[in-house]
Amino acid sequence: MSPDEFDSALSLLMDNEISPEAFAELEGHLSGSEEARRRYMDVVDLHQLLRLEQGARQRTAAQGSVIPMDRVVARQKRRTLKFALLSSAAAILVAVLVSTYILLPDPPPARFKTSSFAQFSLTHSTPENVEAPEGKQLAVGSRLRLTRGTIELQFRSGTRGVVSAPADLTLRKEGLVALDQGRAWFEVPPKGVGFQIDTPEFLLTDLGTEFGVISDSEEPDQVHVFDGRVEVQNHYGDGQEVALAAGDARVVEADGGWLVTAAAPEAFLYSLPADSPLPPYLHWSFDGDNGHTLSVAGSHPDGRRIAMAAVGGTPQREPGVVGGAISFDGSGTQLHTDWPGVPGGRPRTVAFWLKLPPVPEARKGELNDYTLVHWGRNVDRAANDMWSVRATNYQYLQPESIHQITDKTHLTLELGAGWFSGSPSTELADGEWHHIAVRYNGDSSPGGRPVVTMFVDGRPEAARYFSKVAPFPIDTDTDTPDTSPMKVATSRSGEGAPFRGAIDELYIFDGPLEDEAIRTLASQKR
């Protein structure tokens, strides 16, 4: 129906002169066009105003005069017909509007996105008469458990949050999230003021702000405020409540109070890691493996044929950062593969979780040199033809000096002719899980020094480079008779000190991994 035809039909309807066929056509047009329905309501309003004004004038002009009965009856008939037609059209309009709202439901209370290698489970505990949402959406009663990676939450109020694994959260009601575990950052706009986070140890109420929350089953919960204000109430003791402003941070105390700590914005992620494709990788999760053979997964084409097996004993098991971990009790058990490793000067990243027990008193002052992940030539001081990620308690002060024992076990990368030594203040042998990552981006400085970055717990180490000869580019040897395929958890500390510790979630990336991706891997810590 054209605009002119529509206006003509409305005019006939207002004058009670519309035919049944024209009325049916008008009805269909109103059902299918929101603009037509708005135009219809404007015409009805205008027509009613004109009727009121005309009636008032007629009443004024007709005072004292007699209206013939046949005219009264005819007017009543016309009014009855017009009222019926208008009522029918109004009913149609209401039905169309109602059906429109039914077809366009309210958006869910929250949606979420995930990082490219996140692993999560989503369950819904909604009332019987409420349909569970589909896809990456949360309704009241939805529980999201994140075992790997990062999620970004977007709430209907405009509140945004970024949560790092491992995490366990439930949407109790709109604007109230129970965070049983996790490291989460939130930004709340004015429309979302009153947003709440309930951890096992405190309740946080937002007053329009930006803040971070850490909920950990093994450590006291924390809150860090970066902008605006929040109120937090301790669940312990007498439930002390405090107001915090930008720059404030607190740790829960078991007596119901709060311990002041420094705000740490670097402890949180503020967006998802860049969603670029990951380099091909091999992944040993060490979950559910039995016996001597350990399975490998990942996107690397070599993964279909690689075998990893324990030699020198049976591998031990213990709880890991994600699932189970492989453990070594000092009996001499090692892990060997038939994979030659990333060859030549190709970029690479090695990442894994490591737990080393404290050095026994009897061995303090003695050499501790654990080879964590190794491939290439075993010994060659004339070229960088090996790749050996190690934990050592010594370092070289000058290129030509012998090693000097230190009081801490730190990260080391040996390449053959040169090596990188991590910060001597870092202590890896403390009985805690630490995330290790070593990245080579494929480049060298103009003087020949390889561009290598070492990370501990997601943070770059202040590593120093040493070489007894002129710096060489990396050229890992993987195809000559005296090279070694990849090995895990060996020791160079002497026959009386085999490797003792645990390793979990081992990744070998055939390419450089971005800082944010390394930080995400490091955020898996319990």
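Is Asp369 buried or exposed in this structure? Asp369 is buried, with a relative accessible area of 3%, where buried means under 20% relative accessible area, exposed over 50% and partly exposed in between, using a 1.4 Å probe and protein chains only. This is a predicted model, in which local features need pLDDT of at least 70 and side-chain atom pairs count only at pLDDT 80 or more, while totals for chains, interfaces and linings use all residues. Residues are numbered from 1 along each chain as its sequence is written, and side-chain values use heavy atoms, with hydrogens and water left out.

**Salt bridges**

- A search of the whole structure finds 14 salt bridges, each being a side-chain nitrogen of Lys or Arg within 4 Å of a carboxyl oxygen of Asp or Glu.
- Asp369 pairs with Arg390 in one of these salt bridges, and their closest N and O atoms are 2.5 Å apart.
- This pair links distant parts of the chain, since Arg390 sits in strand β24 (residues 386–395) and Asp369 in strand β23 (residues 369–377), 21 residues apart; helices (H or I, at least four residues) and strands (E, at least two) are DSSP runs, numbered from the N terminus.
- Glu174 is partly exposed at 43% relative accessible area, and Arg156 is partly exposed at 33%.
- Within helix α5 (residues 515–522), Glu516 and Arg519 lie 3 residues apart, about one turn of the helix, and they form a salt bridge with closest N and O atoms 3.1 Å apart.
- Salt bridges that share partners join Arg377, Asp385, Asp477 and Asp482 into one network.

**Nonpolar cores**

- The largest nonpolar core has 45 residues, and those with the most contacts inside it are Trp284, Phe352, Trp387, Met486, Leu506 and Ile508; such a core is a set of buried Ala, Val, Leu, Ile, Met, Phe, Trp, Tyr and Cys residues joined through side-chain atoms within 4.5 Å.
- Strand β23 gives the most to this core, with 4 residues.
- Leaving aside neighbours within four places in sequence, Leu506 is in contact (heavy atoms within 4.5 Å) with residues including Leu282, Trp284, Phe352, Val373 and Met486.
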